[in-house]
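The sequence and the model are shown below.

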Amino acid sequence: MTALRDVAVVGAGAAGLHAAEALRRSGYDGRLTLIGAEPDPPYDRPPLSKQLLGGEWQADRLALRGPEALDELRLDLRLGVRAGRLDRRERTVHLSDGRRVRCEAVIVATGVRPRRLPGAETPRPGAHVLRTLADALALRDELRSGLRLLVVGGGLLGAEAAATAVGLGAEVTWLTSTATPLAAVLGTETAALLAGLHREHGVRLHRGLATGLLERRGRTAGVRLADGSELAADAVLMAVGSEPATE
Ligand SMILES: Cc1cc2nc3c(=O)[nH]c(=O)nc-3n(C[C@H](O)[C@H](O)[C@H](O)COP(=O)(O)OP(=O)(O)OC[C@H]3O[C@@H](n4cnc5c(N)ncnc54)[C@H](O)[C@@H]3O)c2cc1C
C-alpha cells in the first residue's frame, strides 16, 4: 500500500467515498483523486425516493460527509466530470472536461444507471427515472395533487415512489408485470399485504408490460402495453431496474 503514490477513485457515490476513506485509514498517504460525474459531493440515495421526494427533507440533508470530513481526506475532488476512458498503458484516466488524471491504480466505483423504456433513452418532459438527486428533484417538481403519475416497474423503487407520490395527492397507477408485485423478494404473503396497503392508500395497481412511452404535443402522455392497450398519464416514472455503469 505505501508503495503507491497516486490513486484515482472513479465514482463519488457511497462506494467511492468509502474506498477513499479506507485507503486513508489504512495509511495511504499519496495523491487521492475522487472523480464523480454528478455535481454533488457524495450523498445518500435511499432518502431520494422517501424523505426527499416527499418534501420532508431538503437536499442538504443527504450529504454522506460534511465539508470538514471531506477535507480531512485530502482529496483531489473532481465533481461534475465523467471519466470517459482508462489508458492502462499510460496509466491515465481521461475526463469529460478534457483533462487527464495520472494514477498508478484506479478503483472503479461507478455503480449503476437506470434502465429506461424503449424509445425513452433521451430525456423528455414528463418521463422520469429516479437514481440521482437531480432525478428526484425533477420528479418532485412535477408531483402535485391530481397529477396522474404512472409508475412502471414492480420493484422496491416503484413501490416506494408510488407510496410517496400518493401521499402527496397524486393519482398513482402502479404498473407491474406480476400479479403480486415484490412476491419474489418479500414472499407472497408479505407482498400481498404490501399491495393491499398500497390499494388502501389509493394506489391503483395495474398488471401489464410497458413496451414504450406515449407522447402527445412533445410531452409524455402514458405508455403502450404489450397487449396493444394504452395507459394514459401526465407523467411516467420508469422504475424498471438498472444496469452496471462499467463502460
Ligand atoms: C431512489 C433510491 C432509493 C434507494 N433506497 C435504498 C434503500 O432503502 N436501502 C438500500 O439498501 N439501498 C437503497 N438504494 C440503493 C443504494 O442507494 C445503492 O446500493 C448505492 O447507491 C450504491 O452505491 P455505489 O457507490 O456503489 O453506486 P452509486 O450510488 O450509483 O454511485 C456511483 C457514482 O458513480 C458515478 N459515475 C458513474 N460513471 C462514472 C464515470 N464514468 N465517471 C465518473 N463518475 C461516474 C455516478 O454518477 C454515481 O454518482 C436506493 C437507491 C435509489 C436510487
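Glu215 stands opposite Thr220 in S14. In this predicted model, strands S13 and S14 pair in the antiparallel sense, over 6 bridges. Both belong to an open sheet of 3 strands with the order S13-S14-S15 and antiparallel pairing. Strand S13 (210-216) and strand S15 (230-232) stand at the edges; each has a single partner strand, so one side of each is left without a neighbour in the sheet. From one strand to the next, the twist averages 30 degrees. In general, strands of a sheet pair through backbone hydrogen bonds, either parallel or antiparallel.

| Residue | Strand | Relative accessibility |
|---|---|---|
| Val223 | S14 (residues 219-225) | 0% |
| Thr173 | S11 (residues 171-176) | 12% |

Val223 counts as buried because its relative accessibility is 0%, under the cut-off of 20%. Leaving out residues up to four places away in sequence, Val223 touches Leu117, Leu150, Val152, Leu175, Ala210, Gly212, Leu213, Leu214, Ser229, Glu230, Leu231 and Val236. Val223 and Tyr43 are 180 residues apart in sequence, and their C-alpha atoms are 32 Å apart in space.

Thr173 also counts as buried, at 12% relative accessibility. Apart from neighbours within four places in sequence, Thr173 is in contact with Leu149, Leu150, Val151, Arg204 and His206. Leu150 is among the residues touched by Val223 and is also in contact with Thr173.

Methods
Residues are numbered from 1 along each chain as its sequence is written. This is a predicted model: local features need pLDDT of at least 70, side-chain atom pairs count only at pLDDT 80 or more; totals for chains, interfaces and linings use all residues. Side-chain values use heavy atoms; hydrogens and water are left out. Helices (H or I, at least four residues) and strands (E, at least two) are DSSP runs, numbered from the N terminus. Buried means under 20% relative accessible area, exposed over 50%, partly exposed in between (1.4 Å probe, protein chains only). Contact means heavy atoms within 4.5 Å. Two strands pair if DSSP finds at least two bridges between them. Axes are lines fitted to C-alpha atoms, for helices over the stretch in contact, and angles run from 0 to 180 degrees between N-to-C directions.
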